[in-house]
Amino acid sequence: MMGSPGPSEHETVGAYALGILDDAEATAFEAHLATCEWCAQQLDELAGMEPMLAALADLPGSGTPAIGESLSAKPSPRLAEKLVDEVAEKRKVRSRRNFFALAASVALIAGGPLAVWAATSGDDSGNSGNMAMGPAQAAFNVMTDKTSATDPSTHVSATVAIEKKDWGTHAVLQLKNVKGPLKCSLIAVGKNGERETVTSWAVPNWGYGIANAKTEEARNPLYVHGGAAFTPNEIDHFEVMTFNGKKLVQVDA
């Protein structure tokens, strides 16, 4: 049985997986990796988590836009090592349910907005109800500061839950009675008139939160979350907007 590794190169595996090493550091680690079974195992554990790693590494200026909002600063090696520790604790649990739980824990470690994870309680194939709720819905259920609205013309209903963070405001959106195909964003509008995109998503043809829909996936609301640099008392309202500029619903803060 392998023992716990010492410091130095072993501590670099998380940063290497996140892609935050410079060329010289990456080359040195790759040379070490060729002879280190422990680091190879750690890297293999991280290999199945590309979407979450990409969200953490996909930062402003990288040239590749993130889905939703990305972190406001480059992940540090300390964050990378915390990620590796989380993976090590859960390495024996392979279900997607625990993958989403891990994603939520990484969001807490990061202390900032993370790309949208598990927008609904279904899996990628649309089989809703076969998994535990995603972190967005779990957060929504425990948050107490919520405001709802229904647009009289589009009939789209939305509830926005917010909580104050050191970096600004964490917001979770519950969206109902919206049909696709659409691409949408949740916009936080400040009392000073400034606008910030909290998160973005796509609505499939069958939609979300359709009360009389024939399938469960269409009856389920959409849950997405993200963050804004505004503090809660700086926000006037939220808008759900399509990418082509149509406002679906407005919710007061």
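## Close-up views of a predicted model

**View 1. The protein as a whole.** Of its 253 residues, 46% are buried, while the protein exposes about 13000 Å², of which carbon and sulfur atoms supply 51%.

**View 2. The open sheet that includes β7.** An open sheet is formed here by 4 strands, which follow one another in the order β5-β4-β7-β8 with antiparallel pairing. Because β5 (195-203) and β8 (247-252) each have a single partner strand, they stand at the edges, and one side of each is left without a neighbour in the sheet. From one strand to the next, the twist averages 15 degrees. Strands of a sheet pair through backbone hydrogen bonds, in either a parallel or an antiparallel sense. For β7 and β8 the sense is antiparallel, and their pairing extends over 5 bridges; within this part of the view, V240 stands opposite V249 in β8.

View 3. E239 is a residue of strand β7, which covers residues 235-242. Its relative accessibility is 6%, and E239 therefore counts as buried, the cut-off for this being under 20%. The side chain of E239 is joined to that of R195 by a polar contact of 2.8 Å. When residues up to four places away in sequence are not counted, E239 touches S185, L186, I187, V189, R195, K247, V249 and Q250.

**View 4. The largest nonpolar core.** This core has 25 residues, and those that touch the most other members are L173, L175, W201, F238 and V240. Two or more residues are given to this core by each of the elements β2 (157-165), β3 (168-176), β4 (182-190), β5, β6 (222-228), β7 and β8. Apart from this core lies another, made up of 8 residues, among them A26, L33, C36 and C39.

**View 5. The contacts of W201.** Which residues does W201 touch, not counting those up to four places away in sequence? Its contacts include L173, L175 and V240, which, like W201 itself, are listed among the residues of the largest nonpolar core that touch the most other members. W201 also touches L182, K183, C184, S185 and L186, together with L222 and V224.

Technical notes: Residues numbered from 1 in each chain as written. Predicted model: local features only at pLDDT ≥ 70, side-chain atom pairs only at ≥ 80, totals over all residues. Heavy atoms only, no water. Buried < 20%, exposed > 50% of the residue type's maximum accessible area, 1.4 Å probe, protein only. Polar contact = N/O pair within 3.5 Å; in protein donor to acceptor, adjacent residues only side chain to side chain. Contact = heavy atoms within 4.5 Å. Pairing = 2+ DSSP bridges. Axes fitted to C-alpha atoms, helices over the stretch in contact; angles between N-to-C directions. Core = buried A, V, L, I, M, F, W, Y, C linked by side-chain atoms within 4.5 Å. Areas by Shrake-Rupley, 256 points an atom, 1.4 Å probe, with all protein chains shown as cover.
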